[in-house]
Amino acid sequence: MAHDWPTLLCDNARSGGQAPQPWRAPGKARWQTNVEGAVRGSPVLHGDLLYVPSLAGFLNAINIRSGRLQWRFQAPAAIHSTPSISSGRVLFGCSDGKVIAIDAVTGTKSWETAAQDEVWTSPIVQNETAFFGSADGAMYAVQLETGTLRWKEAVGGRIYSTAQVAEQRVYFGCGDGNVYALDALTGHVLWKTATGNGIDCSPALANDTLLIGSQDFYFYALDTGRGAIRWKYEADLGITSAPAIAGDLVIFGCKAGTLHALDIRTGKVIWKAPTGQTITAPPVVSGSVIWLQAGITFAFNLPDGKVIWRAYMGNSMHSAPVVTNQAVYLAGMGGEVYALE
Amino acid sequence: MDRRAFVKRSCLGGVALLLDQLGTSPAYSQDLIPPAPPIHVNEPEAPSVSALRMPGLYPGRVVEISDERSIVANRVSQSIVRQMIEQGMCELTGEKDPRLAWSKFIQPQDTVGIKINSSGAPACCSSPELVREIVAGVRSVGVPVRNIYVYDRYAYEIDIGSYQALMPLGVRVTGVQEHKLDASGYDPDVFCEANFFGEWDTRSYMASIVSSGVSKIINVPTMKDHSAAGVTGCLKNLGYGTFNNVDRSHRRPFSFTDPLIGIMCSVEPLRSKAVLHIMDGTRMVWHGGPLTQNPDFIFPAGLIMVGTDPVAMDTIELEKIEAKRSKEGAPSVWSRDPASLTNNGGAYFQIASKNLFYRQPHHIAAAGKLGLGISDRKQIELQTTRSA
């Protein structure tokens, strides 16, 4: 049984599965395969199946033991969304606004619902409810079992930021430049905090601090209670890369190509690591190693940000890898999927 | 069944333009650039010639609005850019009301494509702030927001620029192709055909969004040096940003951007639909274009240019980039010194005296010869104004 990785950055805490894996450099590719269309979202893993979304509109279920395609589900439009697995279903959004739930084992459709515009965000599941934002400017909450709408809350801009859901609150960034906190039960806006430009970064949560980057070049730490800014940190360009939490550190990339590690309490820089590549993908922390796909695949040493190794594997890669004890699974813009061990 | 009628014109401009270059550009007589092959164009018959067709309503006229507050600490100011665009539109058209200025080009029933330049994202691309103001201008004349497309060739470059999140609600943000080999977004009936270097695929097809998706195009290039074309401005953003398979026109150190850029811009319906050009000069790339991310070569020029004549605008752009390169001690884009050539992309992105190709800035004058606008500097009316 493989280590499960059911949603963006492993779990709803965006931990990146950081705790248990002893790290070792991958020595070889267990298998390599190709799916139809580019892969922009990140794969997820459940049991023996790796679920890989593609811009050709397929959700591909690949057997991780053989690398063979077990089945694929054809969606009506491109899938940018990182899938999310819960209660035996795989949920994902499509570019035509549909959000679809399919059976994780058979690939048959359970239900679908629709927003008014594309859904690139990952549906996040908590308490039998799936939350997702759309480019139509609304956050949706639907029943996990049926897809029936519980509530819909319109905000002031397009939503490409995957929600963070915790303690009955839904946090996300918005194209109107605000960070929002909604009541998870009703959808009512509890607070919003303005930044200097639109946001397509997905937030992370560290206790009562919400961490998120903006296209105004700043990275923000907000108090989850009222949305007050605790500190903000200036990067060289906009920030799309969703942050990863590793103990007292928050790690994120900026589009200027630098990976930043900050102290969550103070915003103080612990280290910065230039990559020479534009970073839009989230970093993944596994033990003492940070994985990052940014054209090249990088492994950094968590304590000091030194590059341990880098590898060019096919086409430019912007999704986040799945890191388990047995293997690392990567997907690329050319539709390549690798299992490294 | 597609009942559109198509004509084939064997565009002999390639040969004719080369002869013209020898006559007008001393630099061309100093190098060994091979002659351009004939370029064949397959295009729909234009039912009528619109007054808006390039060079449009104001041939030879360029309005430049500058304001150093438009870019501060590498951030573009929404409010200052708003003032600049409104002022530029009014000065170009002579109207006092920006809405009336926009209505010279766009009608409520139009489907409008805003052709951005995302190829240098994130460091230098069409500013989302400027594009938002253009969207506002288009909406001001009554175009429904769902009939406005912000587009470019490569979806992943749009993605890096975060345009999806940063555009107003309802605007459609779309890339013609998802990856290098994706041809599904192109019209098989409209193409340019030429064999430059013995390549196996000799056609470049027009994007379907241009041939049949939109009725008007607003072109939003950036102000950049270009390793092959000399500069990339209105013409290159429009021509090479509309047709696929254009990389084949370069093979180091040679490039056939001259005359291919101009010929592509002359193909219908692109020529008729591109009614307005708004050049984003808030940032200027004076070396390393079009893809550089090196901040040493990106200058906060703090200006925008507005016009309908892409040749005149690119002539002014070329003048500005030449001036900046000269000030920085970099060779002219007209230079044909073989010693400046390198095959090392890393060197090109770090050293201003190095280049990958013999640049072809004469593509601008060549486009002028095709009737797309005025390249003679003496005939260009440049109106420079500081933002009010």
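Predicted model: local features only at pLDDT ≥ 70, side-chain atom pairs only at ≥ 80, totals over all residues.

Reader: Okay. Which residues of helix 11 of chain B are buried?

Author: The buried residues there are B:P310, B:V311, B:A312, B:M313, B:D314, B:T315, B:I316, B:E317, B:L318, B:K320 and B:I321.

Reader: What span should that helix have, and what does it have?

Author: Helix 11 of chain B covers residues 310-328, which is 19 residues.

Reader: Zoom out. How much of chain B is buried?

Author: 57% of its 388 residues count as buried. The chain has 13 helices and 19 strands. Its C-alpha atoms fill a box of roughly 55 × 50 × 40 Å along the principal axes.

Reader: How does the radius of gyration of chain B fit a compact globule?

Author: It agrees. A compact globule of 388 residues would come out near 21 Å, and chain B has 19 Å.

Reader: What about contacts in chain B between residues at least 6 apart in sequence?

Author: Of those, 75% join residues at least 24 apart.

Reader: Now the core. Which residues touch the most other members of the largest nonpolar core?

Author: They are A:M139, A:V250, A:I251, B:I134, B:M206 and B:I304, in a core of 230 residues. Strand 16 of chain B, residues 274-285, gives the largest share, seven residues.

Reader: Take B:I134. What does it touch, leaving out residues up to four places away in sequence?

Author: B:I134 touches B:I85, B:I114, B:I218, B:V220 and B:I278.

Reader: Next, the chain A to chain B contact. How many residues are on each side?

Author: 22 residues of chain A meet 12 of chain B. The chain A side has eight nonpolar, 11 polar and three charged residues.

Reader: Last topic, the open sheet of four strands in chain A. What's the order?

Author: The order is 1-32-31-30, with antiparallel pairing. Strand 1 (29-34) and strand 30 (322-323) of chain A are the edges, and each pairs on one side only.

Reader: How many bridges join strand 31 and strand 32 of chain A?

Author: Four. Strand 31 spans residues 328-331 and strand 32 spans residues 336-340. A:L330 stands opposite A:Y338, which is in strand 32 of chain A.

Conventions
Residues numbered from 1 in each chain as written. Chains lettered and ligands numbered in written order. Contact = placed C-beta atoms within 7 Å. Nonpolar A, V, L, I, M, F, W, Y, C, P; charged D, E, K, R; others polar. Pairing = 2+ DSSP bridges. Helix = DSSP H or I, 4+ residues; strand = E, 2+ residues; numbered from the N terminus. Rg over C-alpha atoms; globule rule 2.2 N^0.38 Å. Buried ≥ 20, exposed ≤ 12 C-beta atoms within 10 Å, placed from the backbone. Core = buried A, V, L, I, M, F, W, Y, C linked by C-beta atoms within 7 Å. Expected span 1.5 Å × (residues − 1).
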